[in-house]
Amino acid sequence: MANNSCLLIVSLIGVLLFTIISNVASSNDVVSTICPKTSNPSFCSSVLKSAGTADLKGLAVYTLNLANTNARKSLTLAKSLATTTTNPQLKQLYSSCAESYDEAVGDIENAQKDLALGDFNAVNIVTSGAMTEIDDCQDNLGSFG
């Protein structure tokens with residue numbers, strides 16, 4: 001919520017899945033193959049290099065875990081802000097974001113289960129849902145003026 005790192009991490013999953021499915025990258029050039037295809041290549045590179053693996057499925061597991069952690073933190077923050085703000089408009093925005101992040105966390109958890117089963121199509125579908133939920137929250141907050 002405070003920044004768009006969660007959205008970037010979740011969007012990275014889509015690129016990773018495409019790479020896994022199409023077998024585009026060798027283990028030596030995963031970062032250089034994947035990151036230029038993302039909306040923030042330097043962030044992607046930083047995330048993937050911190051994973052400690054070049055295995056594509058391992059990178060997907062790592063990024064889903066990171067997305068889950070960040071989405072949960074954003075959910076906690078949105079709930080806290082919704083309960084502490086006295087501004088009714090902000091209260092509604094934060095409550096809406098809390099709902100969005102709650103759904104995103106559920107989507108990410110489903111993606112983790114689907115990935116463990118090797119169902120990459122399902123992972124793609126539910127991570128797209130998570131991206132939409134997170135993006136909706138950010139759009140609503142950005143339009144508040």
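A disulfide is taken here as a pair of cysteine sulfur atoms within 2.5 Å. The model on display is predicted, so local features need pLDDT of at least 70 and side-chain atom pairs count only at pLDDT 80 or more, while totals for chains, interfaces and linings use all residues. Residues are numbered from 1 along each chain as its sequence is written, and side-chain values use heavy atoms, with hydrogens and water left out.

**First stop: cysteine 35 and cysteine 44**

Under the disulfide rule the count comes to 2. Select cysteine 35 and cysteine 44, whose sulfur atoms are joined at an S to S distance of 2.2 Å. The torsion about this S-S bond is about -75°, so the disulfide is left-handed. Both cysteine 35 and cysteine 44 are buried, where buried means under 20% relative accessible area, exposed over 50%, and partly exposed in between (1.4 Å probe, protein chains only).

**Second stop: serine 45**

Proceed to serine 45, which lies in helix α3, residues 41-50. Helices (H or I, at least four residues) are DSSP runs, as are strands (E, at least two), and they are numbered from the N terminus. Serine 45 is buried, with a relative accessible area of 17%. Once its neighbours within four places in sequence are set aside, serine 45 is in contact with Val31 and Cys35; contact means heavy atoms within 4.5 Å. Cysteine 35 is the partner of cysteine 44 in the disulfide visited above.

Select cysteine 97 together with cysteine 137, which a disulfide joins at an S to S distance of 2.0 Å. Cysteine 97 lies in helix α5 and cysteine 137 in helix α6 (residues 120-143), so the pair ties together parts that are 40 residues apart in sequence. The torsion about the S-S bond here is about 100°, so this disulfide is right-handed. Cysteine 97 and cysteine 137 are buried. With bonded cysteines counted along the chain, the disulfides follow the pattern 1-2, 3-4.

The structure holds 1 salt bridge, defined as a side-chain nitrogen of Lys or Arg within 4 Å of a carboxyl oxygen of Asp or Glu. To display it, select glutamate 109 and arginine 72, whose side chains meet at 2.1 Å, N to O. Glutamate 109 lies in helix α5 (residues 88-117) and arginine 72 in helix α4 (residues 56-84), so the pair ties together parts that are 37 residues apart in sequence. Glutamate 109 is partly exposed, at a relative accessible area of 25%. Arginine 72 is also partly exposed, at 40%.
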